[in-house]
Amino acid sequence: MLDRLESSVNQIKRFTADASHELRGPLTFARTVAEIALKDPGTDAASRAAFQDIVDEAAKAAIMLEEMLTLARADAAPANLVRMPVDLALIVREVCKATQPRAAEQGLHLSLVTNTATASILGDAAALKRLVWILLDNAIKYSKPNGTIRVRLNLLADRATVEVEDDGIGIAPADLPLIFDRFYRADPSRGLVEGNDLGLAIAQWIAETHKAQLAVQSEPWHGSVFQLTFPRLSALEVPSADSTIGLELLVENRSVGGNSQQSPAVQ
Ligand code: ADP
């Protein structure tokens, strides 16, 4: 019984991976056709609006497909990430810098407070960037106007912690255990902002593969704090050059129509 269940789950996962991969082509085709039509001066205003909708929706669907593929690959090879000494402080600074303009655009105040200039951990820099970016992106998306986002990086004796705190819409206690599930969206955020509802599932997977803990505390309409706790890199753990295992986390630059969401350039 368990074997049959596992085999059908595996089939679904394979199907998701194959479907996401196969859908990329037709989606890109539809988007390109609409973009060409938009460039044609003979296209009338009504058609122009329709073509623009196609371009925008195709861009969103492309992001969702890419995230589904990331998770499908994670299912297939959960530990398939590079493990190298990386500077978490540098990563956090870079992601803050990259997201600052979007926060400012929305009238949000973003600050970074840290007790260290460097924080060595063992991991995959591209995946870690994506992890911090997901938390910051959510903090921006679910903030209230003129809100404040505080990022804290602390290096302690045995661990490094990153906290992303916002004073936004918060999450109800009943939703808290579910927000890391794929395609879950908590109630107040429905219809408020657009998202693929896969970000935290990817964040959780990246945290797990780094032996990090991802925790959240939240109060509805007061805000949320997402906390990452990484084991510190000890001298004994520094891997030799050949201990790197293949990087399979493929991330493309993402941008969504008018509502631009640029993920860090990770590949
Ligand atoms: P999405 O693309 O919808 O943001 P996520 O997986 O990143 O998907 O998040 C899942 C859900 O968790 C969101 O839809 C939202 O309801 C909730 N959530 C995540 N981060 C926050 C936050 N900082 N403040 C309030 N709600 C949040």
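Strand β4 (residues 148–155) and strand β5 (residues 159–166) run antiparallel to each other and are joined by seven bridges; strands count as paired if DSSP finds at least two bridges between them. Helices (H or I, at least four residues) and strands (E, at least two) are DSSP runs, numbered from the N terminus. Do keep in mind that this is a predicted model, in which local features need pLDDT of at least 70 and side-chain atom pairs count only at pLDDT 80 or more, while totals for chains, interfaces and linings use all residues. Residues are numbered from 1 along each chain as its sequence is written, and side-chain values use heavy atoms, with hydrogens and water left out.

**The sheet**

- The open sheet has five strands in the order β2-β4-β5-β7-β6, with mixed pairing.
- At its edges are β2 (109–114) and β6, each with a single partner strand, so one side of each has no neighbour in the sheet.
- On average, neighbouring strands are turned by 10 degrees against each other, direction ignored; axes here are lines fitted to C-alpha atoms, for helices over the stretch in contact, and angles between N-to-C directions run from 0 to 180 degrees.

**Helices on the sheet**

- Helix α3 (residues 88–105) packs on the sheet and touches β2, β4, β5 and β7, where contact means heavy atoms within 4.5 Å.
- The direction of α3 makes about 170 degrees with that of β2.
- Helix α4 also packs on the sheet, touching β2, β4, β5, β6 and β7, and its direction makes about 170 degrees with that of β7.

**α4 against α5**

- Helix α4 (residues 125–141) and helix α5 (residues 199–209) pack at about 140 degrees, and their axes are 9 Å apart.
- From α4, the residues in this contact include Leu 128, Leu 131 and Ile 134, and those from α5 include Leu 200, Ala 203 and Ile 206.
- By class, the contact has ten nonpolar, two polar and one charged residues; Ala, Val, Leu, Ile, Met, Phe, Trp, Tyr, Cys and Pro count as nonpolar, Asp, Glu, Lys and Arg as charged, and the others, Gly among them, as polar.

**The nonpolar core**

- The largest nonpolar core has 51 residues, and Leu 88, Phe 226 and Phe 230 have the most contacts inside it.
- Such a core is a set of buried Ala, Val, Leu, Ile, Met, Phe, Trp, Tyr and Cys residues joined through side-chain atoms within 4.5 Å; buried means under 20% relative accessible area, exposed over 50%, and partly exposed in between (1.4 Å probe, protein chains only).
- Helix α4 gives the largest share of this core, ten residues.
- Leaving aside residues up to four places away in sequence, Phe 230 touches Leu 88, Leu 128, Leu 131 and Val 162, among others.

- Seven bridges join the antiparallel strands β6 and β7, and Leu 214 has Leu 228 of β7 as its bridge partner.
- The covered face of β6 holds Leu 214, Val 216 and Ser 218, while Gln 213, Ala 215, Gln 217 and Glu 219 form the uncovered one.
- Three residues lie between the strands of this hairpin, where Trp 221 takes a positive phi near 65 degrees.
- Lys 211, in the loop between α5 and β6 (213–219), has a positive phi near 55 degrees although the residue is not a glycine.
- Lys 211 is also exposed, with a relative accessible area of 62%.
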